[in-house]
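Hello,

Here is the structure you will be working with. Please open it and keep it beside you while you read my notes.

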Amino acid sequence: GDDGRVRFYLDRIDVSDPARPRRLTAINIPGSPVWYDPGAARLVTVDYQREERAATGWDDCYGVAGWGYDSWYDYETGVCARLTRSLNLLEVDGDRAVLLDRLEFTEQRLRDVRVTGERVFVGTEVRDWYYWYGDTIDGTDPRPELLTFTGLQGGALELRDEVRMSTPGTWLHAARGTTAY
């Protein structure tokens, strides 16, 4: 619609008869699907939340609001906006998805997500790391963190470990079992 919102769906296809695949009812889900385990009926998604604040200009949007490079200012409306992300764990139950857990990332930017049957690996970054010229940004270490969560099957994501990566440009590329690369 005109309100700027979008919807995401999990499309399902029944291929029990390969000669006649059958489209099943799509399930509305919160965000982009990242991982799905049909045997356990678990789904991990990344959702997006738009925040808006009135501002007098770009400097006001960026500085006073405390928002970084992931914000933007609309000169016509006088609105400062930014996008934050959340990590969601869902159970697929018939023709619906039930939210089991939601982790919001407001202070750090959720950047990478890799999921195995045993772990959820999340790469985060400090919002303004690309302005980094020394050891810290306003006292904050600019290197991304790798967060490791368990609890996929139990229905509640639990932080198991946090590891500071070696440089601000380090990315999470892949995961297998209990190991992230």
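Start at Thr-170. A polar atom of its side chain lies 3.0 Å from the backbone oxygen of Thr-167. A polar contact of 3.4 Å also joins the side chains of Thr-170 and Ser-166. (A polar contact is a pair of N or O atoms within 3.5 Å; within protein, one must be able to donate a hydrogen and the other to accept it, and residues adjacent in sequence count only if both atoms are side-chain atoms.)

Before you go on, note that this is a predicted model: local features need pLDDT of at least 70, side-chain atom pairs count only at pLDDT 80 or more, and totals for chains, interfaces and linings use all residues. Residues are numbered from 1 along each chain as its sequence is written, and side-chain values use heavy atoms, with hydrogens and water left out.

Where does Thr-170 sit? Look in the loop between strand E13 (158–164) and strand E14 (175–176). (Strands, E, are DSSP runs of at least two residues, numbered from the N terminus.) Thr-170 is buried, at 16% relative accessible area. (Buried means under 20%, exposed over 50%, partly exposed in between, with a 1.4 Å probe and protein chains only.) Leave aside its neighbours within four places in sequence, and Thr-170 is in contact with Arg-111, Pro-144 and Met-165. (Contact means heavy atoms within 4.5 Å.)

Rolling a probe the size of a water molecule over the atoms shows where empty space is left. A search of the whole structure finds one cavity of 30 Å³ or more. (On a 1 Å grid over the protein atoms alone, a cavity is a set of points where a 1.4 Å probe fits but cannot get out; lining residues have an atom within 4 Å of a point. Grid points are joined across faces, edges and corners, and a volume is the space filled by probe spheres set on the points.) The volume of the largest cavity is about 30 Å³. Strand E11 (120–126) and strand E12 (145–150) each supply at least two lining residues. By type, the lining has five nonpolar, three polar and two charged residues. (Ala, Val, Leu, Ile, Met, Phe, Trp, Tyr, Cys and Pro count as nonpolar, Asp, Glu, Lys and Arg as charged, and the others, Gly among them, as polar.)

Now the charged pairs. How many salt bridges does a search of the whole structure find? The count is 13. (A salt bridge is a side-chain nitrogen of Lys or Arg within 4 Å of a carboxyl oxygen of Asp or Glu.)

Arg-111 turns up again here. Its side chain meets that of Asp-112 in a salt bridge (3.5 Å, N to O). Arg-111 is buried at 14%, and Asp-112 is buried at 6%. Both belong to a network of salt bridges that links Arg-109, Arg-111, Asp-112 and Glu-125.

Next, see Asp-47 and Arg-102. Their salt bridge has its closest N and O atoms 4.0 Å apart. Asp-47 lies in strand E6 (residues 42–54) and Arg-102 in strand E9 (residues 96–105), so the pair ties together parts 55 residues apart in sequence.

Glu-51 and Arg-82 form another salt bridge (3.1 Å, N to O). This pair links Glu-51 in strand E6 with Arg-82 in strand E8 (residues 79–93), 31 residues apart. Glu-51 is partly exposed at 26%, whereas Arg-82 is buried at 8%.

Best wishes

Conventions: 1 Å grid on protein atoms, 1.4 Å probe; cavity = no way out; pocket = protein on both sides within 12 Å on 5 of 7 lines; lining within 4 Å. Helix = DSSP H or I, 4+ residues; strand = E, 2+ residues; numbered from the N terminus.
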